[in-house]
Amino acid sequence: MYPDCEGARVVNLNLVIENAPGSTQPGLSSCSHLINLTNREWNCCFLDIDDLQRDQVSKLGFHVTLKGKDRTTGDVCTYYIDQIELQQIEDPEIVSGWQPGLNRMVYSTSGYMANHRKTALIHQDTRNRQTEFRLIRTHTNQIAYTSKIWQEKTSTGTFDVLDFTAFDQPGDYYLSVGTITTPSFPVGNNIWENSLW
């Protein structure tokens, strides 16, 4: 998707899936997902729809809701959409409950505030269970922080927790546990600035 929205700071598009009447799947007949985009560049977007009602899809649509105009916003917003594909996922994400998928980490994709709590969760295969995690600098692949993985039992389940709250140096990092890694994310003081309306 390529949004061309002059002067817009926050750009998004809504994907809507409508299922035909008489579906065998329980739930709503339509669903939507708001996709945040980077203005004036191609955004490659993926949406896992395993949990959505989609056995008799009758319509796939895109729409934008405009809620007024900032002083810097232009008069026209254009969205280009190319290469829509439906693909089958061998190992879809778990979307109900709190437990991550097997050998996957759940973390803040937006990043973490430097001087606030920083945690992530992992669900490891018990045959190759790691007891330590690393926080690694994205641009140099150097280890910035290491600590033990601890387990927490709650009313919603038992979780392996990665806590790197003690680390407060701004920059781009990723988490690593054995061969399991996350994509890069920022640590800093203004990580949510670009999402302000």
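R117 is exposed, with a relative accessible area of 59% (exposed means over 50%, buried under 20% and partly exposed in between, with a 1.4 Å probe and protein chains only). Keep in mind that this is a predicted model, where local features need pLDDT of at least 70, side-chain atom pairs count only at pLDDT 80 or more, and totals for chains, interfaces and linings use all residues. Residues are numbered from 1 along each chain as its sequence is written, and side-chain values use heavy atoms, with hydrogens and water left out.

**Around R117**

- R117 sits in the loop between β7 (112-113) and β8 (119-123); strands (E, at least two residues) and helices (H or I, at least four) are DSSP runs, numbered from the N terminus.
- R117 and T181 are 64 residues apart in sequence and 20 Å apart in space, C-alpha to C-alpha.

**The nonpolar patch**

- L60, F62, I81 and I84 make a nonpolar surface patch of about 340 Å².
- Patch residues have over 30% relative accessible area and no salt bridge; nonpolar side chains (Val, Leu, Ile, Met, Phe, Trp, Tyr) are joined within 5 Å, like charges within 9 Å.
- A salt bridge here is a side-chain nitrogen of Lys or Arg within 4 Å of a carboxyl oxygen of Asp or Glu, and accessible areas come from the Shrake-Rupley method with a 1.4 Å probe, with only the protein chains shown as cover for residues.
- I84, one of the patch residues, is found in the loop between β5 (77-80) and β6 (104-106) and counts as exposed at 55% relative accessibility.

**Aromatic pairs**

- Rings of Phe, Tyr and Trp (its six-membered ring) pair if their centres lie within 6.5 Å; planes under 30 degrees apart are stacked, over 60 edge-to-face and the rest tilted.
- That rule gives ten aromatic pairs.
- F133 and F164 make an edge-to-face pair, 6.4 Å centre to centre with 65° between the planes.
- This pair links distant parts of the chain, 31 residues apart: F133 is in strand β9 (residues 132-137), F164 in the loop between β12 (157-163) and β13 (171-177).
- F133 is buried at 0% relative accessible area, and F164 is buried at 0% too.
- F164 also pairs with F185: the ring centres are 6.2 Å apart and the planes at 40°, so this pair is tilted.
- Because F185 lies in strand β15 (residues 185-188) and F164 in the β12-β13 loop, the pair ties together parts 21 residues apart in sequence.
- Y107, Y112, F133, Y145, F164, F167, Y173 and F185 form one aromatic cluster.
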